[in-house]
Each structure stands twice: as structure tokens, then as C-alpha cells.
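Please read the notes below next to the sequence and the model. They are arranged by topic, as numbered points.

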Amino acid sequence: MPPPLPKRPPPSIPNRDPEQGIRASVVNAGEAEFVPSRPGSIKRSCTVPGRAVPPIPPQRNTGDCKSVPEPPLTRISGNDDLKVRLMARKPPPPPGPRKVRTIGVPQHPPRLPSQEAVNQQEDNTMQPPHFQVDYSESEEDGSLGSHPQPPAALAQRRLPPMLKPVSPPPVINLSTKPRLQRPLVTSAANGTHCTQHIPHTPTNYCLKCYNFDGVDQHASLFPKESVTSLTELAQNLTGPFSTETEKARAIFAWLHFNVRYDVNSFFSGNIQAATPESTLRSGLAVCDGYAGLFVRLAQLAGLQKVEKVVGHGKGWGIEPLEEGAMVPPPEMNHAWNIAYLDGEWRLIDACWGAGALNGTTYTQHFNPFWFTADPLEFVKRHYPTEDPAYQLIPDETGGPVSWREYMGERKRPIVCRDFYAANLDEYTLQPAWDGLQGGTTLAFSVRKRCEHMSTAEADNYVMLIDTNDKVKTPMYLNDEGAWVATVQVPAGSVISLYYVKSIGEQPGKGIRVEEYNHAVGRKAMQFGAYARWNAM
């Protein structure tokens, strides 16, 4: 059996410092004397089981209420009397209502649609940012959508006042050409690309064929979040390039990568005047903001002959006039740029080159057509209201068009985004006008934008003319470099220009017409849309 545990003496009670409120001394094993250090309190004694009783906490002074003084007490003996006296004290009044300061929660700014949401709504159209076209495409049969009208509230909108250019440019000299260092010339015979240095002559250079891929890639390396000043941005963008055209192209591409169209301001009608600095900070702009920032960056890059042009643009919500309708007075709803680059005046629309409106959603899609368009192409959708000289159309080719001619032009067929990507020429597309005569046989044709661009089968897609009865007629390349087909147009039908995207697992690019004819009814196919007409 283990020995019994030894008996422990009772624990001693430590003395407390008077500065902390009370000091206790053990009188005996069961009695302690307490001396409060707080003024106005009393000395009292009580019996505790082996340790000192903690002091009574001081009375709390609430924020809005005055503390009630403790009534004077005399020293008494006996626990019962002490309890009676303590219980007889009146409690302090409850605290008053607490004043709470209410702070308003600021409203969150409207959020732009995410890139994923934009991609989900992106269709096969490529109209300028003010142009509403719902031209949807099915991957299986290429069915086409409707063409809704713009809200009536937006019909009379005007942009903020814009600065007037200093002086009109001189009449364009067609004999001058930009002197670029690495022109890309495409052989129409074999479709090969020549990228080596070529001596510059007016016969071997073409801006529409020039390969700007390296310039565009360089412009993508400078996101606006990393830009500290416009001067630094201009130097970084244009420093590696020696030609003025390449410097301007770098600015044109940078605006696409970093500035989005301000859809909320446009549709709400709350368009504020913008500066180049504010556009850089926000990354949002309408056409005037794009044009203004292009001018500032070009000037900082050493391109002094660059100006902003204001006028009318056939963009979002603009419909052709009905036959016999009165021509409205000239109005301003758009802005673009004019620049003297490498000895030639050029017209540039950075806003339309950066993306397009698909309904009420902005699609950020690069369209270099509005950097390389010639004056005759540009004037189809741009009219400078202040001076016709800004059209850059010389007298030898007919001279500037009038406002009546510009507004009175008939409705053209709807052209899709892939049409521009294939380097097809919108103004050689035949029939040139919408509203075809049904019940007749018509000839359809289209050409490349430039004679240097390849028409070889290996570099192109099979093109088809489709009618409502789902009959697809292939187009053949003739000796003059145009794709042609003759089709019977049913009354009230929709005529579409399609291309074969794929046959089975084989990509459509490079497929010959004979291969397509052999695969009809045997293999699955996918089609893309180039253009559309409506027949009466």
C-alpha cells in the first residue's frame, strides 16, 4: 500500500499594491481587512474562505449621463447589514440613446461588359461603331437576322463642339507615294509574299498590300496602365520606325488595343468633352476622343501635319433616304483624322478601326481598312461638313462629292466583318445596291481590294451565292480577276454571299470548287457570310 499524501499548508494570500486599488493583510486563516484606496469609500471587513474578497469595481460613467455620487457610508460590522446597505443603493440611470452618424454608401459606377460576355454576343458583322446591324449567322445553314431601327430619341443627337482645323490640305498629288522600307507585294500568279527590300517606285508599292503585322505587334506591348505620360508613350510606340506611315500605324493600332468606345455615354446622350489626358486615364472615348488622342500622340512623335476633321459619318443608326425624300441639311455626328505621311495626304478613322457596335454592345475588333482606305472608299461613309477639300478627291477623278450626292446614295448590300478580313472590295461588289428585282436573272461578282493580292485557290475560300430555296451556286474566277456567278433571284428572297469555312475536318481555305461540288450531300459543311441583299 502506498504511503498517504502529506498535508499541504493553506496557501498564503499575496499582498496587493495600493496603487492598484487595495492592499490586504492576512489576519488569520479566515479573515482579511480591506482598505479601499478610492476616495469616499469605506473600510470594511468580512470573512472569506481562505482568500481576499476582490474590491467592488468603480461605478461606470456613461457617455451622456452624469455619474451619481455614492452616498456616504459608515463602517459597520456584520455581513447582513452590509448587504442591506449595498442593496439599498440606487442604480445609476440608464444611458441615453446613442447618436449614430449615418454615412451614405456611394453608388458603384456602371460596369462594362466583360470580354467573355462580349465574345458571346459577337457575330459576323463589321459595321462602324455608330451602325446597328443584327446580321447573325448560323454555323449550320448561315441563317440571317433582322435589321432593327435605332431609338427615336437618338435621331437628333449632336456631339460636343469640336475644334476647327487650322487650314485645309492641298489637293492630293496622285504621283506621290509613301516611301516605306519593307513593302509586302503579293504576286497574283502564285500567291507568294515578297518581304525583302525592294527599290521604291510608283509601280511596285501599294499601301493596301503592305504588311503591318510587326508594327501592330509592337503597339500591343504598351498597355495604358503602364503609361506614365503621353510623351513617353509616343516615343515608345514610334521610336523603332523610320517612316511616318509606320509611326501613324503604331498609334492607330495602340488605340484599338487600349481604348474602348464609351457605349454608356453615347446611348445616354451624356457625352462630355474629352482631352487626350482624360482619354488615356479612362480608356473610354467616342469618336472625338479617338481623333483628339491620335493628333496629340502623332504630334509628340514628330508628325506635325496631322489634324482632326469633323463631319458626318454613315455609322450607327444612319439609314439611306427613301426615294423622293427631302435631303436634310448638313450635320456633324463624327470625327476622324487627316495626316500628311511620307509625302501623301491620307484619311484615317481610328474610332471605326478599333471596333464596332453590335446592337447596343461594343465589340473590340481591329479593322485596318480604315487606315488604308483611299479617298474614294473613305468618302462613301465620311463627309467633312466644314470644307469639301478634306475629301482629298482631285478633279481628275471627279472632284469632291456634294452633300446631296453623299446623302442621296442608295442603300448598299450589308457587308460582314469577314468580307474585310478576306481583303475583298466593297465597291466592286455587284449588284452594287440593295433591293434587287425579284424574278430576274442577275450577275453577281466581287474582286480583291488590290491587284497585288492573291486570287489563287490556295489563298482563298470557295464563294457561293445562296437564295431562300437553299440553292448554293459556286462563284468562279474569270480572266479579269473577279469571282462571278449568275443566279435566278426569287421574288421576296434574301440573297447571301457565303464562303465555305470547312468540309468535314478539312479547313475551307484552299479547297477547290471541284472538291466542294464533289462533297455536296456527302460531307458536313460549315459556311461563313460575306454579304447580303434583299429582293423585292
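1. L392 sits in the loop between β13 (382-384) and α12 (403-407); helices (H or I, at least four residues) and strands (E, at least two) are DSSP runs, numbered from the N terminus. Its phi is near 60 degrees, which is a positive value in a residue other than glycine. L392 counts as buried at 3% relative accessibility, where buried means under 20% relative accessible area, exposed over 50%, and partly exposed in between (1.4 Å probe, protein chains only).

2. On the source: this is a predicted model, in which local features need pLDDT of at least 70 and side-chain atom pairs count only at pLDDT 80 or more, while totals for chains, interfaces and linings use all residues. Residues are numbered from 1 along each chain as its sequence is written, and side-chain values use heavy atoms, with hydrogens and water left out.

3. D342 also has a positive phi, near 50 degrees, in a residue other than glycine. This residue belongs to the loop between β9 (334-341) and β10 (344-348). D342 is buried, its relative accessible area being 17%.

4. A further backbone point to check is the peptide bond between Q430 and P431, which is cis, with omega about -5 degrees. P431 lies in the loop that runs between α13 (417-421) and β15 (440-447).

5. For the chain as a whole, the secondary structure comes to 14 helices and 22 strands. Of the 536 residues in the chain, 43% are buried. Among contacts (heavy atoms within 4.5 Å) with a separation of 6 or more, 68% are between residues 24 or more positions apart.

6. How many disulfides does the structure hold? The number is zero, a disulfide being a pair of cysteine sulfur atoms within 2.5 Å. For C206, the closest cysteine sulfur is in C450 at 3.2 Å, which is too far for a bond. C206 counts as buried at 17% relative accessibility. C416 is buried too, at 0% relative accessibility.

7. In helix α4 (residues 230-238), the buried residues are L230, L233, A234, L237 and T238. Seen down the axis of α4, these residues fall within an arc of 105 degrees, so they line one face of the helix; the arc is that of the directions from the helix axis to the C-beta atoms. In general, an α-helix has 3.6 residues a turn, so residues three or four places apart point the same way. The cover over the buried residues of α4 includes α3 (213-219), α5 (244-258), α7 (276-282) and α8 (287-300).

8. Helix α5 has 15 residues and reaches 21 Å from its first C-alpha to its last, close to the 21 Å expected at 1.5 Å a residue. The expected span of a helix is 1.5 Å times one less than its number of residues. Of the 15 residues of α5, 13 are buried, so the helix is largely enclosed by the rest of the structure.

9. The largest nonpolar core has 85 residues, of which W254, Y261, Y290, F294, F444, M463 and L497 touch the most other members. A nonpolar core is a set of buried Ala, Val, Leu, Ile, Met, Phe, Trp, Tyr and Cys residues joined through side-chain atoms within 4.5 Å. Helix α8 gives the largest share of this core, eight residues. Domain 1 (206-409) and domain 2 (412-535) each supply at least three residues to this core, with domain bounds that come from an automatic or database domain assignment. A second, separate core of 13 residues includes I511, V513, A519 and F527.

10. What does Y290 touch, not counting residues up to four places away in sequence? The residues in contact with Y290 are L255, V259, R260, Y261, A285, A350, C351, A354 and Y362.

11. L357 lies in strand β11 (residues 356-358) and is buried at 3% relative accessibility. L357 and V263 are 94 residues apart along the chain, and their C-alpha atoms are separated by 8.5 Å.

12. Is G492 buried or exposed? G492 is exposed, with a relative accessible area of 51%, and its place is in the loop between β19 (482-489) and β20 (494-503). Leaving out residues up to four places away in sequence, G492 touches N468, A535 and M536. G492 and A535 are 43 residues apart in sequence and 5.0 Å apart in space, C-alpha to C-alpha.
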